[in-house]
Amino acid sequence: MPTNWPENPKIIGTRVTRLDGMAKATGRAKYPSDSHPEGMLFGAMLYSPHAHARIKSLDFSAAEKLPGVKAVLPAGNIKAGSLVRFQGDDIAAVAAETEEQALDAIRAIKVEYEVLPHVATEEQARAEGAPEVFKGGGIVKNVRKGRSVTIGKPDDAFKGDDVVTIEASYSAPVITHVCLEPHGLTVRWTPEGKIEAWASTQAVGPTANELAGAFEIPITDVTVHTDVMGGGFGSKFGADIWGVTAAKLSKKAGGLPVRMFLDRAHEHMGGGNRPSAIAHVKLGATKEGKLIGMIAETSGTGGAGAGSAFPLPYVYAVPASSRTHSDIFVNGGNARAMRAPGHPQGCLVMEAAMDDLADKLGMDPLAFRLKNLKPTDMVEDGFSKPTVDRTPVYHDEVEIGAELIGWKNKWKPRGHVNGGSPIRHGLGMALHQWGGGGPPTNQVACTIFPDGAVEMKTATQDIGTGARTIFAIIAAEVLGLKVTDITSNIGNSTFPPGQPSGGSTTTPAMSPPALNAVTLARDELFTKLAPALAANPEDLSLADGQVLVKGVAKMAWKDACRKLGMQPISVVGKSSPGLASQHGGVAGCQFAEVTVDIETGVVRLKKIVAVQDTGLIIDKLTWETQVYGGVIGGLNYGLFEERIMDPTSGIMLNPDMELYKLAGASDIPEIVVHAYETPAMKARGVIGVGEPPTVSTAAAIGNAVANAIGVRVPHWPMSPKNVLDALASKEGKA
Amino acid sequence: MKAFEYVSPSSAEVAVKALDGVDAAPLSGGTDLISRMKDLVTSPKRVVYLKDISAIAGVSGDAASGLTIGAETTLAALLSSKVVKESYPALWQAASEVGTPQIKNMATVGGNLCQRPRCWYYRAGFGLLPTKDGKNMVREGDNRYHAIFHTDGDALFVSPSSLAAPLIALGATATILGPKGERTIPVASLYQIPKKADDRELTIAANEIVTKVTVPAAKGKNASYEARQKAAHDWPLVMASVNLDLDGNTVKSASVIVYGVAPVPYRAEAAEKAITGKAVNAESAAAAGDAAVQGAKPLSDNGYKIPLTKSVVKRALLAAVGNRYWEEG
């Protein structure tokens with residue numbers, strides 16, 4: 001049973017190109033939405049055009065009579081009398097022979113609505129005299145006020161002559177996941193009464209469970225395939241109402257496959273989102289720059305039912321604090337987990353306040369941050385590993401990041417002017433943290449075949465973590481083979497249990513059982529080969545495609561495997577302690593360099609530096625690309641994204657990819673990624689990297705903008721409107 | 001999208017006949033119409049494809065005698081014209097900032113001029129003058145991308161064509177073909193401010209098409225300057241196109257047309273007046289920029305367009321005389 005990673009790995013930690021990269025780049029890879037099984041019908045959803053309404057009647061008869069229509073069903077338990085609570089709330093579904101017929105049939109469903117008063121924005125929900133759309137469960141006037149969390153005596157902390165205080169408001173809007181491949185699946189019933197689905201999911205196991213549960217059939221009668229998938233970010237953990245409804249349509253249509261994927265507008269409205277964050281913050285420090293207290297009133301909306309929590313205070317040592325958070329409910333789609341849930345919001349509020357206070361203190365914000373890290377920040381691993389102190393890690397990472405962005409030479413106090421140009425330069429930074437460990441509950445099967453082929457198999461999936469390549473690296477390392485010699489089969493719910501891809505857990509959860517499986521398989525091979533080589537099993541080793549006896553190459557890999565005769569070696573590996581962190585607990589920091597045109601409010605990114613620790617890195621290339629992806633997601637939050645709701649009609653005004661703005665290639669600056677991977681970090685074992693690098697980008701950009709123009713832009717994103725409005729309010733022209 | 005009949009005529013005359021008498025829509029690059037059809041904002045019974053009509057595509061002429069630009073000329077073809085780039089930079093620049101390379105390969109000059117407003121209330125099916133319970137939804141709602149001029153009326157969208165501004169500044173005319181024959185009008189006269197719910201913002205009838213645009217001989221200096229949020233493809237927030245007739249360094253007459261501020265391409269007469277008789281320099285251009293917003297009445301969310309319009313007009317004027325000071329920082 002391996003309890004540690006190879007001390008001098010040949011492949012682990014190097015830059016290995018993804019095994020499925022070429023197939024994805026060329027379009028050869030078939031995504032779930034590409035699957036068109038024989039006889040497939042096209043599904044379509046009818047969703048509410050109203051923000052809030054009661055369905056008075058629902059009539060499918062006209063739709064059912066249209067050519068090509070095979071099945072029409074209500075969504076979930078929708079019936080006459082049901083409420084719909086946001087534009088995009090599901091009402092009914094159709095399966096038809098062509099997509100056009102399905103869409104025609106959706107329009108032929110007759111729904112009578114009693115349109116009810118709505119609240120579409122946080123402002124509207126909280127306004128005096130607003131309709132009380134949401135009640136009960138501690139909700140009063142559409143708001144569920146949270147308990148105040150108090151540490152120390154914050155009110156007393158602000159007394160005293162040497163206290164420097166800022167009081168400010170900050171906000172960030174709701175943003176949506178914008179998965180390039182929308183939510184959905186293609187599903188069929190086999191003649192034997194089993195379900196087979198091709199789902200765009202980040203969790204094949206739970207998706208199969210949901211389908212089995214919905215139809216009360218054994219889980220062994222459900223197979224969910226996800227060979228590759230086009231983005232989830234936390235929003236795709238199950239079959240969802242769309243998948244279950246598609247399976248019902250298929251059943252009604254005699255088992256024919258039904259393809260049900262959301263269109264872009266529906267995806268924005270109903271596919272999940274990151275809640276907004278609205279904060280009023282008072283933050284104080286001594287004149288010497290030591291934090292003394294924080295008082296924060298925060299709120300946000302997670303839509304018509306979900307919460308909006310985010311961590312605050314964040315990262316830093318705040319001796320006394322009080323924080324009250326309220327969930328505002330609006331007639332909008334519900335929040336779902338989105339890449340480091342809560343942290344990007346908490347980070348931008350905390351880091352904006354830190355920067356504003358540093359400016360008021362006349363301190364370099366970098367020095368101010370380091371001064372206010374916790375004296376020690378011990379992170380419990382969860383296994384037998386020693387705890388890790390994150391504070392020195394932050395110190396090291398900030399030092400590295402500062403060097404890479406050129407802080408020492410380039411940073412100037414807020415609002416500095418370089419000649420008469422309207423193009424102002426700014427630097428900003430922010431710190432973040434995340435978990436990223438993985439539970440020890442998964443399995444990987446490793447099979448060595450007599451022809452020398454090696455298969456790694458498990459019911460996890462690749463949400464972007466490079467799972468296939470990770471397993472191949474581990475197997476190739478142990479077996480002395482090339483990464484391309486290994487076949488990784490994933491994305492099938494019937495394989496040995498694998499990790500759902502959430503919380504940056506996939507690689508830390510799956511690498512230990514992978515190492516365990518391939519090590520056990522190797523040892524069994526050694527036992528079987530030893531007699532033929534007239535050696536003891538413990539004298540055997542593997543390197544460069546050869547079997548070695550006491551370090552001397554004796555037999556090629558394939559020849560050795562041929563000795564197995566007809567019987568492959570097949571073992572299932574489980575997790576073992578020490579190979580990965582269970583709870584994670586990573587630090588990290590980012591720096592942004594921007595220009596701001598103060599005459600037009602246009603912000604352009606020049607450079608982002610991301611410094612990240614995540615324990616032991618299996619594939620450096622995949623790791624770096626995940627950090628790029630996180631930074632790009634974060635810069636979209638910083639500069640572009642915003643769900644815009646209309647107060648009058650209650651609908652989303654930009655459910656597209658045009659006025660819902662996202663970076664294009666020319667909006668992406670130079671991104672410098674640095675892996676903080678010291679021996680102490682490697683000793684923590686594997687930790688996931690999906691989420692931490694997206695946390696602090698928007699915060700760092702906001703701080704860089706403030707540094708450039710001399711005034712805080714309190715509302716994200718850093719759009720020309722928000723920048724020009726902030727400049728105008730500085731001049732008293734708000 | 002609803003099912004429709006598809007016609008692909010080979011002449012403009014046949015196209016106009018195909019458009020007449022039924023609920024028909026002309027199709028060029030499709031970058032506007034197809035989106036509207038998918039969103040059920042427009043559901044024509046017949047779609048008449050104009051892009052195979054080679055007689056109304058292509059750029060001809062020169063700076064001395066003026067240009068003729070066929071309506072079905074793609075933006076990519078327009079941008080590849082040397083004379084456009086060298087002598088009509090206001091037009092070239094505006095076209096170069098439209099969409100992506102893919103969009104430029106599909107979109108046409110005529111389609112750009114005749115596209116429908118991008119107002120999100122219009123695109124959500126509420127019409128050009130969206131009202132609910134007697135209130136204007138734009139005025140009550142999110143109007144960050146809407147007009148700051150003519151805001152006393154009910155039409156608060158902004159005219160969507162970013163080629164209209166330079167073409168109007170350059171004094172171009174549009175030739176229109178309809179069932180009753182051909183007529184030529186200033187490009188500015190293609191647009192009107194709708195007053196009633198069923199008014200169009202285009203003056204041409206549904207059974208008429210623009211066949212070509214004629215641009216007078218190039219004299220003086222011209223330029224466009226666009227401000228937009230993204231560096232990659234994005235709609236301009238505000239863009240200004242200027243055409244200056246110069247006597248030495250002094251402006252004899254000026255055209256200043258602003259995109260993104262009104263339901264029609266907006267002629268900033270006060271800016272034209274401010275710069276006339278002056279040499280274009282940082283001071284006079286800034287004064288003209290300030291003048292450009294005279295009479296503006298922003299809505300609840302778009303006050304930022306006031307400073308933005310000032311800057312954009314100033315920069316277009318300075319760009320025309322080769323001063324691109326904002327690129328030095």
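**Ground rules.** I number residues from 1 along each chain as its sequence is written, and chains are lettered from A and ligands numbered from 1 in the order in which they are written. Since I am reading a predicted model, local features need pLDDT of at least 70 and side-chain atom pairs count only at pLDDT 80 or more, while totals for chains, interfaces and linings use all residues.

**Chain B overall.** I looked up its make-up and found 13 helices and 14 strands (DSSP runs numbered from the N terminus: helices are H or I of at least four residues, strands are E of at least two). The C-alpha trace of chain B spans about 55 × 50 × 35 Å along its principal axes. For 329 residues, a compact globule would have a radius of gyration near 20 Å, and the 19 Å of chain B agrees with that (taken over C-alpha atoms; the globule rule is 2.2 Å times the number of residues to the power 0.38). I noted that 53% of the residues of chain B count as buried (20 or more other C-beta atoms within 10 Å of a residue's own; 12 or fewer is exposed, in between is partly exposed, and C-beta atoms are placed from the backbone).

**Helix α5 of chain B.** Here I went through residues 89-96 and found the helix mostly covered, with 7 of its 8 residues buried. Among them are B:Leu91, B:Trp92 and B:Gln93. The buried residues of α5(B) pack against α3, α4, α10, β11 and β12 of chain B.

**Where A meets B.** I counted 32 residues from chain A and 23 residues from chain B in the contact (two residues are in contact if their C-beta atoms, placed from the backbone, lie within 7 Å). On the chain A side, β32 (589-597) and α20 (720-730) are the elements that give two or more residues. The most comes from α20(A), with 5 residues. By class, I get 14 nonpolar, 10 polar and 8 charged residues on that side (Ala, Val, Leu, Ile, Met, Phe, Trp, Tyr, Cys and Pro are nonpolar; Asp, Glu, Lys and Arg are charged; the others, Gly among them, are polar).

**B:Lys230.** Which residues does B:Lys230 contact, leaving aside its neighbours within four places in sequence? I find A:Phe640, A:Lys661, A:Gly664 and A:Asp667. B:Lys230 sits in the loop between β11 and β12 of chain B. I call B:Lys230 partly exposed because 18 other C-beta atoms lie within 10 Å.

**A helix pair in chain A.** I checked α9 (residues 343-361) and α19 (residues 697-709): they pack at about 25 degrees, with axes 8 Å apart (axes are lines fitted to C-alpha atoms over the stretch in contact, and angles run from 0 to 180 degrees between N-to-C directions). The two helices are therefore roughly parallel; angles under 35 degrees count as such, over 145 as roughly antiparallel, 65 to 115 as roughly perpendicular and the rest as oblique. From α9(A), residues including A:Cys347 and A:Leu348 take part in the meeting with α19(A), whose residues there include A:Gly702 and A:Asn703.

I found a cis peptide bond between A:Leu312 and A:Pro313, with omega about -5 degrees. Another cis bond joins A:Trp716 and A:Pro717, with omega about 0 degrees, and A:Pro717 lies in the loop between α19 and α20. A:Phe233 is not a glycine, yet has a positive phi of about 60 degrees. I count A:Phe233 as buried, with 25 other C-beta atoms within 10 Å.
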